[in-house]
Amino acid sequence: MTGREEFHKLLKERAAGVLPPGETLLDSHVMDAAESMPRPRRKLCPVVFPGQRMAGDRPVTWLMSVLAITALVQGFAPIDDLYDRLERDGAKDKPFFGGWRSAAGRMALPFFPRAKTGVAKVMLVTERRFLLVHVQHSLIGKRIGSHVAVAWSADRRETSWVRNRRDVRPGTYEIGFADGSWATVFIGAQGWSRFERAFGRQLGPADPLP
């Protein structure tokens, strides 16, 4: 087992600790929003583990703040009109549809946390729910912190389909919800087929969206 695989294993074990007694874990995946996903406005991003840092986090967050200020000064600040256009665009090859208040948007927002420590995102699949769990880790190295929290959960019946977008990048999936919205996630490790089986309707890259 590689260092990365061991790190992911520990993250999933820590995330599974949020499940109440009697709820059976079927599968779990360390995942993130796909690189192509639009970023929400800062005010929509959830604040995660406020005031909690691990050793070495402070200098990293300081450097990130300096880089962000530099980008603003140089004129690379996000443009609200761009976000709005991405949210409205429902073309099949876009990574997100429905807006941040939709079912897909509520799932996607926790992938963009505001935090001063590392935040891993772990999707748990139980016999009745999907849960997205935040697990604290160091910004430098592979140390796992003591903080964990459920960021999102939904009854499995609220999801309608999953489409494998291996044509874009292996491990990329669009997840569709009953309200017609969808968002795109990326799983950086194996176990993709197990993830697909958690959904009632499985689509391939060439299949049209429902």
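**Rings, a hairpin and a helix face**

Arg156 lies over the face of Phe130, 5.7 Å from the ring centre; a charge sits over a ring if NZ of Lys or CZ of Arg is within 6 Å of the ring centre and within 35 degrees of the ring normal. The model is a predicted one, in which local features need pLDDT of at least 70 and side-chain atom pairs count only at pLDDT 80 or more, while totals for chains, interfaces and linings use all residues. Residues are numbered from 1 along each chain as its sequence is written, and side-chain values use heavy atoms, with hydrogens and water left out. Arg169 likewise lies over a ring face, that of Phe186, at 4.1 Å from the ring centre.

Phe130 also belongs to a cluster, linked by ring pairs, with Tyr173, Phe195 and Phe199. Rings of Phe, Tyr and Trp (its six-membered ring) pair if their centres lie within 6.5 Å; planes under 30 degrees apart count as stacked, over 60 as edge-to-face and the rest as tilted. The whole structure holds 8 aromatic pairs. Phe96 and Trp100 form a tilted pair, with 4.5 Å centre to centre and 35° between the planes. Phe96 counts as buried because its relative accessibility is 1%, and Trp100 counts as buried at 6%. Buried means under 20% relative accessible area, exposed over 50%, and partly exposed in between (1.4 Å probe, protein chains only).

Strand S4 (residues 129-137) and strand S5 (residues 144-155) run antiparallel and are joined by 8 bridges. Two strands pair if DSSP finds at least two bridges between them; helices (H or I, at least four residues) and strands (E, at least two) are DSSP runs, numbered from the N terminus. His137 stands opposite Ile144 in S5. The hairpin has 6 residues between the strands, and Gly141 takes a positive phi near 85° there.

Most residues other than glycine have a negative phi. Phe49 has a positive phi, near 50°. Phe49 is in the loop between strand S1 (25-33) and helix H2 (57-73), and counts as buried at 10% relative accessibility.

Helix H1 (residues 3-16) has 14 residues and reaches 20 Å from its first C-alpha to its last, close to the 20 Å expected at 1.5 Å a residue; the expected span is 1.5 Å times one less than the number of residues. Its buried residues are Phe7, His8, Leu11 and Ala15. Seen down the axis of H1, these fall within an arc of 95°, so they line one face of the helix. The arc is that of the directions from the helix axis to the C-beta atoms. The cover over the buried residues of H1 includes S1, strand S3 (118-126), S4 and S5, where contact means heavy atoms within 4.5 Å.
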